[in-house]
Amino acid sequence: MEQSVTQQLATLALQLGVVLFASQGMGRLASLVRIPSVLGELATGVILGPYLLGRVPLPGFPEGLFPLAQCASGLPVSLPLYALATLGSIVLLFQSGLETDFRTFFRYSLAGTLVGVGGVVVSFLLGDLLGHCMFSCGLMDPRALFLGILSTATSVGISARILSERRAIDSPEGTTILAAAVIDDVLGIVCLAVVMGLVAGGDGGESGVSWGKIALVAVKAIGIWVLFTAVGLWCSHFFARLLKRFHSKTTYSVLALGAAILLAGFMEQCGLAMIIGAYTAGLSLSRSDLAFTIQLRLHSIYGFLVPVFFVVMGMMVDVRVLADWDTLKFGLLFTVLAVAGKVVGCMLPALFVNFNLKGALRVGCGMIPRGEVALIIAGIGATTTMMLSGKEVPIVDNQLFGVAIIMTLLTTLLAPPLLMMTLNMAGRGVRKVKADALSVHLEFPMPSQTVTDFLVRQLIVNFRQEGFRHSDYSKDYSVIHFRKEHTAFVMSVDDRTISFECAKGDAPTIKNIYNETTYELYQNLEEMRRLSPSETVAKDATVYDNVVPYTGTDYLPLEQVLPPNCAIVDLQAEEYPAAIEEVVRHLYRCGMVADFQGCLQEVMAREGMASTLLDGGIAMPHAKSAYVQRMVSVVAIFRGGKTIQVEGRPLRLLLLTIAPKDQDSPYMQYIAHQASRLCKLKSLDEICASPNPAALRRFFLE
């Protein structure tokens, strides 16, 4: 029975809600087992799809929440849901274009082009030949051509993530991989446009092959893409200035996405795929200084629509076909050829552009993963028909779509360990290190990680005040890209080093901003020296009145902050520094501190800045350290309840707390809570005389 419009909208809302909750849960689960979250989203689609749980009857849905759609398009899912997935693919490719670094791309354009073309040619030929053998058809049959196209794509996101984690994104291998991946995607999209043009013109399948029409379609596809890319790059700064007039970052980000959707629709009208227009729009705006802001503002839209796309792609997998041994064999053979095509096709050109065997192997392994582009191409093939034996059938049928999913999943799983293994090989990957004549490397050593973090954040503020826009900065991704009109440079952050890669003409500006930033911070620190926090806190117990108690959190309960082996009743030190050293050593022996000397230095440095002694014979030394994984505390009293003299006062009890530098933790709340309890206690005699570590710990857990 046909549903009313209201019922269809209600069904779509329920479907979307289930998809979003399930995809986020499975994506999180995939991340916990150290596999890409996209695999969890694909698995979500397979499980919820119309070929598995989607057709299970539910109250109000006798045919299931995701029934097998009966529509003229041949889609197994409803048209509204597939439309949202298509919009997700547009957003995905638009963001991919925005993330393209043109400076890196052009710096290694020759090597990246040769590697990318080599990988595309070899992979396409192997895929096309496999289709020729498996389907007993001609090499120009759309099914064989689609297998070739599916082999060409490379997932830029997966490769970039691995390279970033290994801090190899700016290495010769890393930049070549990223440049080649861009070339791969562009050539794959052009090949897709050619095949789509052939299908639309009636070539392929059982009809004769018109090489003239193929040439015409190729010229048309490449010409339109090159024309719009060139025009987009030329107009990008003018368009960016126009968007800036709206002032609101949300407004001009939405307008930029609107331009991408318009160009995607125009490309579809020209006989090309919509993703070509979306990628071209992102590529054009990637040179503007608005690219980072647009990415940030569209992050929520990306997080909403892109998982829907991957889940819907998973729903299109007929699990009954995957249970077929012939399909599995087909998929495994296709995966082997897809891996071999990239490794061999990319390694050989790399050997001719200054890479040695080790570097060429890294480049080849970095080009293995297929991802979103391959899935998009498979989805387009599943909704495009061809004439076969007088019948109109989809180019990518259920079996071929299942084969594409198998190849995508396996290459995505294989790529991270293979690339990590090659990156762990000692030695450089190039035969001769070449300096970039057009760029300058500036490096500034730092005395500590704390100073590095402090200075980086102030540098970002000062660059922003100069009109520069920048990519996101976090501990997980320590490479920051800055842009302003035609100026672009990269800042890399290490624990004790800040470095810049920039054009020669930009070096004086960067040096001036760096020097001015350090001078400003020096002046601010001189003014802060006049403050005396220790006098107002350490010696005034009333500060700790009415403190909100710390009872623990879900991720950091009180029992973990003060574990059973962190109560000491027999401190032997005769001086305060020696007592702190004894307690830190105890934490180190318990395996809670990674580096004894490093952690001790951080605690003593914090104690040197301001004393943590409280009235009543209590000391609460604390610090943030890079040598602990989670917040930990230890309580200690001296053997036999004795005391030592510190600053003319007796010290009876010591509570040391150390929190990690790079993680959120209720650090000061916990210290204030324990200080409040100790200051309100009328007498410490009973606690300090206790010989039982369990009883001592129990008091601080109450």
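Which residue forms a salt bridge with Arg-585? Some notes from going through this predicted model:

1. The partner is Glu-581, with the closest N and O atoms 3.3 Å apart. Both sit in helix H23 (residues 576-589), and because they are four residues apart there, about one helical turn separates them. Arg-585 is partly exposed at 29% relative accessible area, and Glu-581 is partly exposed too, at 32%.

2. A search of the whole structure turns up three salt bridges. Another one links Lys-329 to Asp-326, where the closest N and O atoms are 3.7 Å apart. This pair belongs to helix H15 (residues 325-351), with a spacing of three residues, or about one turn. Lys-329 counts as partly exposed at 41% relative accessibility, and Asp-326 is partly exposed at 43%.

3. Then there's Arg-143 with Asp-141, whose side chains meet in a salt bridge at 3.0 Å, N to O. Here Arg-143 is buried, at 15% relative accessible area, and Asp-141 is buried at 2%.

4. On to the sheet: five strands, open, ordered S3-S7-S6-S5-S4, with antiparallel pairing. S3 (439-445) and S4 (469-470) are the edge strands with a single partner each, so one side of each has no neighbour in the sheet. S4 is joined to S5 (residues 479-484) by two bridges, and His-470 stands opposite Phe-482 in S5.

Note on methods
Residues numbered from 1 in each chain as written. Predicted model: local features only at pLDDT ≥ 70, side-chain atom pairs only at ≥ 80, totals over all residues. Heavy atoms only, no water. Pairing = 2+ DSSP bridges. Salt bridge = Lys/Arg side-chain N within 4 Å of Asp/Glu carboxyl O. Buried < 20%, exposed > 50% of the residue type's maximum accessible area, 1.4 Å probe, protein only.
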